[in-house]
Amino acid sequence: MKRNGTLILCYHRVAEGVEDPFYLCVRPANFAAHLEEMSRAREPSTLAEVSIPSRRPRVVVTFDDGYRDNLTNALPIAESKGVPITVFVTSGILASHNGLWWDRLGTLLRSRPPHVREIGLPIGSRTVRLPLGSSGIRADLDSVRRHLLPLRVTEIEQALDAVSEQWQVDSAPPPDARTLAPKDLLQLAGSHIVTIGAHTVDHVRLRDRPAGEQQDTISGSKRELEQSISRAVSHFAYPFGRHDDFDDRSVDAVRSAAFDTACTTIPGTARSRTDPYRLPRRLVMDWGRLRFRVQMQRWRLD
Ligand SMILES: [Zn+2]
């Protein structure tokens with residue numbers, strides 16, 4: 001039996017030959033193959049149509065965070081294949097050169113002086129010490145990231161600044177991990193296939209924050225993006241997006257900020273009766289054409 005509904009895909013970056021410790025990049029050739037494959041199996045669509053019943057299964061392509069390669073690498077490919085994309089932008093990046101904190105953390109750990117075997121994270125009034133270097137950089141990244149994730153983003157940035165100073169190493173994100181500048185965002189938003197969505201001001205893990213802070217970062221991102229592109233911003237994506245990354249207060253804040261939809265990264269297929277403020281998505285990895293085709297078939301079954 002054919003099962004319809006909308007498959008919403010979540011990408012982050014399209015790039016080649018770069019450090020990718022968090023598995024956020026899809027290579028351009030693979031991205032092009034994905035768009036071809038998905039267009040064959042489903043009708044490319046947008047979030048605005050997700051609640052409208054359809055006889056043909058649909059697919060929606062989304063990007064999270066606001067990396068500059070969405071403009072330079074992903075957009076030309078999506079335009080050439082005629083597939084619309086929605087880009088959820090962390091609005092605070094527009095006024096900052098710091099990039100996203102996990103990219104700074106990647107730089108820091110890659111440039112750890114060889115004699116340094118632990119990291120001391122100043123968190124609140126104490127210093128959390130974590131061992132480093134015993135099972136590789138990915139393990140180090142995971143362990144440090146876990147401790148930083150529940151903090152306010154200003155606290156995370158302060159902790160990274162402190163480590164950078166302690167170790168006397170740079171912590172700027174790699175140039176390829178640059179985020180959208182205001183003029184980049186305008187150019188991206190100017191494409192007829194692009195919808196700009198919001199992704200909070202600071203990419204905080206919402207669940208850990210009080211209701212007021214959640215409301216500020218959610219509605220603030222809508223306001224800042226609307227001012228930047230002079231257009232309504234009607235779609236939202238929860239940072240990180242899994243069950244334990246946001247809560248009912250986050251959903252309430254999204255609803256009262258008058259967004260039309262909100263995407264999670266909880267796996268599934270959106271149907272006409274799915275809660276528009278808890279839309280499921282599928283995370284896409286750097287798969288080749290055949291692997292992507294098999295994934296599409298598997299996703300269809302649940
Ligand atoms: Zn994100």
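Begin with the donor residues of the zinc ion, whose spacing in the sequence of this predicted model is D-x133-H-x3-H. Select Asp-65 and His-199 together: the pair joins distant parts of the chain, 134 residues apart. Asp-65 belongs to strand β5 (residues 58-65), whereas His-199 lies in the loop between β9 (194-198) and α7 (211-229).

Next, display the zinc ion itself. Which residues coordinate the zinc ion? They are Asp-65, through OD, and His-199 and His-203, each through NE2, at 2.0 to 2.2 Å. Are Asp-65 and His-199 buried or exposed? Both of these residues are buried.

Now turn to the largest pocket, which has a volume of about 540 Å³. Select His-12, Phe-22, Leu-24, Arg-145 and Phe-240, which lie nearest the centre of this pocket among its 24 lining residues. Then colour β1 (6-11), β5 and α4 (137-148), the elements that each give two or more residues to the lining. Of these, α4 contributes the most, with three residues. If the lining of the largest pocket is coloured by residue class, it divides into 13 nonpolar, five polar and six charged residues.

The last stop is the second largest pocket, with a volume of about 260 Å³. Select Ser-96, His-97, Arg-178, Thr-179 and Ala-181; of the 17 residues that line this pocket, these are the closest to its centre. How many residues of each class does the lining of the second largest pocket have? It has nine nonpolar, four polar and four charged residues.

Notes: Residues are numbered from 1 along each chain as its sequence is written. This is a predicted model: local features need pLDDT of at least 70, side-chain atom pairs count only at pLDDT 80 or more; totals for chains, interfaces and linings use all residues. Side-chain values use heavy atoms; hydrogens and water are left out. Donors are N, O and S atoms within 2.8 Å of the metal (3.2 Å for Na, K and Ca); water is not among the atoms, so sites may look incomplete. Helices (H or I, at least four residues) and strands (E, at least two) are DSSP runs, numbered from the N terminus. Buried means under 20% relative accessible area, exposed over 50%, partly exposed in between (1.4 Å probe, protein chains only). On a 1 Å grid over the protein atoms alone, a cavity is a set of points where a 1.4 Å probe fits but cannot get out, and a pocket is an open set with protein on both sides within 12 Å along at least five of seven lines; lining residues have an atom within 4 Å of a point. Grid points are joined across faces, edges and corners, and a volume is the space filled by probe spheres set on the points. Ala, Val, Leu, Ile, Met, Phe, Trp, Tyr, Cys and Pro count as nonpolar, Asp, Glu, Lys and Arg as charged, and the others, Gly among them, as polar.
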